[in-house]
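The sequence and the structure are shown first.

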Amino acid sequence: GGSLTKLAYYSTVQHKVARVRSFDHSGKDIEHEPLYEISVQEEITARLHFIKFENTYIETCLDFIKDHLVNTETKVIKATGGGAYKFKDLIEKKLGLKVDKEDVMTCLIKGCNFVLKNIPHEVFAYQKDSDTEFRFQTNHPNIFPYLLVNIGSGVSIVKVETEDQFEWIGGSSIGGGTFWGLGALLTKTKKFDELLQLASKGQHTNVDMLVKDVYGGAYQTLGLSGNLIASSFGKSTTADKEFSKEDMAKSLLHMISNDIGQLACLYAKLHNLDKIYFGGFFIRGHPVTMRTITYSINFFSKGEVQALFLRHEGYLGAIGAFLKGAEQDNPNQYSWGENYAGSSGLMSTSPDVFPMQRTRSGTFDMFEMDRLERPLVNLPLLKDPSTYIPDTVDLTDDAMARKYWLTCFEEALDGVAKRAAASQPDSIDASERAEKFRQKYWNKLQTLRQQPFAYGTLTVRSLLDTREHCLNEFNFPDPYSKVKQKENGIALKCFQSVIESLDSLGWEERQFALVKGLLAGNVFDWGAKAVSDVLESEPQFGFEEAKSKLQERPWLEDSYSQWLERLKEGPPHKCALIFADNSGIDIILGVFPFVRELLSRGTEVILACNSGPALNDVTYSESLIVTERIAAMDPVIQSALREEKLLLVQTGSSSPCLDLSRLDKGLAVLVRERETDLVIIEGMGRAIHTNYYAALKCESLKLAVIKNSWLADRLGGKIFSVIFKYEVPCK
């Protein structure tokens, strides 16, 4: 680019992963042995890295490439942008590689499609006077069609219809270069960033002629406000005085932004598009240009169209060039996820926050994406995927909630680091790595206090996911593996007596006992401080004790009577999809008896568990072993497995929360094939922090015990209040 070099490269990363494997129990005394063995293995995963260098340090960038990225097989380096011409000879000479130049617009659009598809919180609208400058949008599953307005030296307006189909539909020679060039002539300031700095301090009304200067107030007939610009620089023809550099820079910025905004709106109208993304060096995270463009679009579209900006806008060309080079590996067939541990996030653009970081122009400096094992898609049962928002509370917006949760995660950090170190007693450097994890996550939390928008919308889910990413970064793949192993073993020993006790009850009494068991199981959550304190201090705390902790009916949210009525009066459901939460008592004594009852009614069951570990949540591989052991004790489960009426699947997620728009493709296929008509989501992370307001096309049950007193208070209850939310979609 004109002032920054963006580098994209692929690497393989060695990660430790926890694997569980069933013991061969033939002829052994299984009573006193662990349920399964846990081993930590090395796994190689793919990662994309993006780094930003200023062009004045191009030699440093090339040294980095030479030392770390070029091997004997590398023959070609893909490059795009003006620098691909400017630095071609230098690159070829220094690296001994051929520079393969790629078309700028093709790369830009490839990069844009890639981030829109893979980063749910990529897009934001700019709001000058709100608590946080950036309001993030949740990406629609279908990103096309959209308008991309690239404001470099001039303006290019491109209509993007599909992955490979786009068309240049218009543009203007009046763009960023015009602002820079005219600005330099007017103010004698040669640097772009300095020109913007001047503009941010200026008052355009000293130079511009307003409607009220012409008509003495608003022009009512045409509905024009008196503060509207009637003529840019209009006062300079009549005023006999010198204008300040700041005022002239501000007037020029408004003139060019308004021109671009009107042009973009007209093209959007002409082509019937409502999504306009802005990029190019004129934007590049500068608040003053984002503000003027936003105002202009809002004015000319009468509020119908929003100006949208991209969090990783500076990297689009580099991402596109990389994708062009990697076409034979088809990176688009995979899903990718942002690695919060290795990404520096979006910096605040207000000068008072982290002033040092603004000296390096551009919005951020490092960005990493991990290739996910399996492609992720929407849950087919979402009522409207385009309006689905997983998270219940937006902490970016809610300052009080933000302060509480950030403090909550800070206070829990020492305990998490201790547990991580204790989970690897045989490792000599476990304590050192745990301390590095603690430091890294602490720093992330401090960044988020200052810049809550650094990684998109701040939510409890993103705080939990960032913590998991940081644990993985320092090779703590599953700090709770031993706890889960022990709790699964203990719960299995109680399974038969729980089933016998349920089977002895009358039908109606049994339905209530099953729900109560499900809720009591949900109490066993090591992620909730109120519970982990009890579990640490009272090792004998069990299923019956948990039941006694539950709130008495009526519950905080209570549609149990409607659920019971539905079971009594309605036909059996065809197929139920259950998202399980915790290991041990939760899945074995809470979920499985409930599954068994559904199967007995003639309902097929898909049991979905996390693909990877998070806290003490049950993973897919653990669920296979647990189910096998339950089947050996219970003929209902055994025959359901044999006849494929009980199916175990993975969610594609390694989070304590649940995003129904990013689920394993195999799960989505199964949900369609089995004509699923009931979704059950249990647990605080999946049913309260996320999906509390999720609207589905079929019946749903959301149930959880609130194990956080602040949250309980927020929802109007007390700790251990119960949420039992049965919802039927409107016909």
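## A covered strand

Strand β23 (residues 699–706) is mostly covered, with eight of its eight residues buried. Buried denotes under 20% relative accessible area, exposed over 50%, and partly exposed in between (1.4 Å probe, protein chains only). Helices (H or I, at least four residues) and strands (E, at least two) are DSSP runs, numbered from the N terminus. This is a predicted model, in which local features need pLDDT of at least 70 and side-chain atom pairs count only at pLDDT 80 or more, while totals for chains, interfaces and linings use all residues. Residues are numbered from 1 along each chain as its sequence is written, and side-chain values use heavy atoms, with hydrogens and water left out.

Both faces of β23 are covered. On one side E699, L701, L703 and V705 are buried, and on the other S700, K702, A704 and I706 are buried. Strand β22 (residues 678–682) runs parallel to β23 and is joined to β23 by five bridges; two strands pair if DSSP finds at least two bridges between them. Within this pairing, I681 stands opposite K702 of β23.

## The four-stranded sheet

An open sheet is formed by four strands in the order β1-β2-β15-β14, with antiparallel pairing. Its edge strands, β1 (4–22) and β14 (336–338), each pair on one side only. From one strand to the next, the twist averages 25°; axes are lines fitted to C-alpha atoms, for helices over the stretch in contact, and angles run from 0 to 180 degrees between N-to-C directions.

Five bridges connect β2 (residues 36–54) with β15 (residues 366–371) in the antiparallel sense. M369 in β15 is the bridge partner of L48. Two helices lie across β1 and β2: α1 (residues 58–68) runs at about 35° to β1, and α20 (residues 620–633) runs at about 15° to β1.

In helix α6 (residues 192–201), the residues F192, L195, L196, L198 and A199 are buried. They lie on the same side of α6 because they cover an arc of only 155° around the axis, the arc being that of the directions from the helix axis to the C-beta atoms. The cover over these buried residues includes α5 (176–187), α8 and α9 (287–300), where contact means heavy atoms within 4.5 Å.

Helix α8 (residues 245–270) has 26 residues and should span 38 Å at 1.5 Å a residue, which agrees with the 38 Å between its end C-alpha atoms. The expected span is 1.5 Å times one less than the number of residues. Just after α8, N272 takes a positive phi of about 55°.
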